[in-house]
Amino acid sequence: MLIPKKARLDILTYLFSEGVLVCSKDPHLKKHKQIGVPNIYVMKLMQSLKSNDYVHEIFNWQWMYYSLTNQGIEYLRRVLHIPDDTVPKTLKKQVGPPPGERPGFGGRGRGGRGGYRGDRGDYREGRGGRGRGGFRGGFRGRGRGRGGPAPADF
């Protein structure tokens, strides 16, 4: 399939900058969500790159996931005239939080809810609700079915 040069360069530039590409298996989709070119162009160009082992494909639930191989990185550097010191985002080292601080916990102990036990600790220790041993539950019957009298042999 003939793909316009601008669309081809947009797809290859996006692929090199991110290192990965996600594409819906829908040739009738007007525009690819991230790139803005017709989805059929993305599908066919990635099919071509896959046949040359420049990308690795994973297909799942009508979506195609592509990731660049080392040969693909070298090929895109030649085609797009990119220097050797530029690498895709997937190969860059991520800057994480300082050592000893875990993300998502807000620095307030376990679970980030205000202590080890969270909201239930007060209740368990008798400071919330009805006090120590004050929980009575919602069912007050004796468990005899539909409320009839107890059986004689019980």
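Which residue in E3 does Ile58 stand opposite? Tyr65 is the one. Here are some notes to read alongside the model.

1. **Ground rules.** This is a predicted model, where local features need pLDDT of at least 70, side-chain atom pairs count only at pLDDT 80 or more, and totals for chains, interfaces and linings use all residues. Residues are numbered from 1 along each chain as its sequence is written, and side-chain values use heavy atoms, with hydrogens and water left out.

2. **The overall layout.** The chain's secondary structure comes to four helices and three strands. Helices (H or I, at least four residues) and strands (E, at least two) are DSSP runs, numbered from the N terminus. Starting at that end, the elements go α-β-α-β-β-α-α. Of the 154 residues, 23% count as buried; buried means under 20% relative accessible area, exposed means over 50%, and partly exposed is in between (1.4 Å probe, protein chains only). Now take the contacts (heavy atoms within 4.5 Å) in the chain between residues at least 6 apart in sequence: 45% of them join residues at least 24 apart.

3. **The sheet.** Three strands make an open sheet in the order E1-E3-E2, with antiparallel pairing. Two strands pair if DSSP finds at least two bridges between them. Strand E1 (20–24) and strand E2 (55–60) are the edge strands, each pairing on one side only. On average, neighbouring strands of this sheet are turned by 20° against each other, direction ignored. E2 and strand E3 (residues 63–68) pair in the antiparallel sense over six bridges.

4. **How the helices sit.** Helix H1 (residues 5–18) lies across E1, E2 and E3 and runs at about 130° to E1. H1 also packs with H2 at an angle of about 65°, their axes 10 Å apart. Axes here are lines fitted to C-alpha atoms, for helices over the stretch in contact, and angles run from 0 to 180 degrees between N-to-C directions. The contact is made by Ala7, Arg8, Ile11, Leu12 and Leu15 of H1 and by Tyr41, Val42, Leu45, Met46 and Leu49 of H2. Those residues divide into nine nonpolar, no polar and one charged. For that tally, Ala, Val, Leu, Ile, Met, Phe, Trp, Tyr, Cys and Pro count as nonpolar, Asp, Glu, Lys and Arg as charged, and the others, Gly among them, as polar.

5. **Asn39.** Is Asn39 buried or exposed? Asn39 counts as buried because its relative accessibility is 0%. You'll find Asn39 in helix H2 (residues 39–51). A polar atom of the Asn39 side chain lies 2.8 Å from the backbone oxygen of Ser24, and the backbone oxygen of Asp26 lies 3.0 Å from a polar atom of that side chain. Leaving out residues up to four places away in sequence, Asn39 touches Cys23, Ser24, Asp26, Leu29, Lys30, Lys31 and His32.

6. **His32.** His32 is buried, as its relative accessible area is 5%. The His32 side chain reaches the backbone nitrogen of Gln34 at 3.3 Å, and a polar atom of the side chain lies 3.4 Å from the backbone nitrogen of Ile35. Beyond four places in sequence, the contacts of His32 include Leu21, Val22, Val37 and Val42.

7. **Tyr66.** Over in strand E3, Tyr66 counts as buried because its relative accessibility is 3%. A polar contact of 3.0 Å joins the side chains of Tyr66 and Glu57. Such a contact is a pair of N or O atoms within 3.5 Å; within protein, one must be able to donate a hydrogen and the other to accept it, and residues adjacent in sequence count only if both atoms are side-chain atoms. Tyr66 and His56 are ten residues apart in sequence and 5.5 Å apart in space, C-alpha to C-alpha. Not counting residues up to four places away, Tyr66 touches several others, among them Gly19, Val20, Leu21 and Met46.

8. Most residues other than glycine have a negative phi. Trp61, though not a glycine, has a positive phi of about 50°. Trp61 lies in the loop between E2 and E3 and counts as exposed because its relative accessibility is 77%. Likewise, phi of His81 is near 55°, a positive value in a residue other than glycine. His81 lies in the loop between helix H3 (70–80) and helix H4 (120–124), and counts as exposed at 70% relative accessibility.
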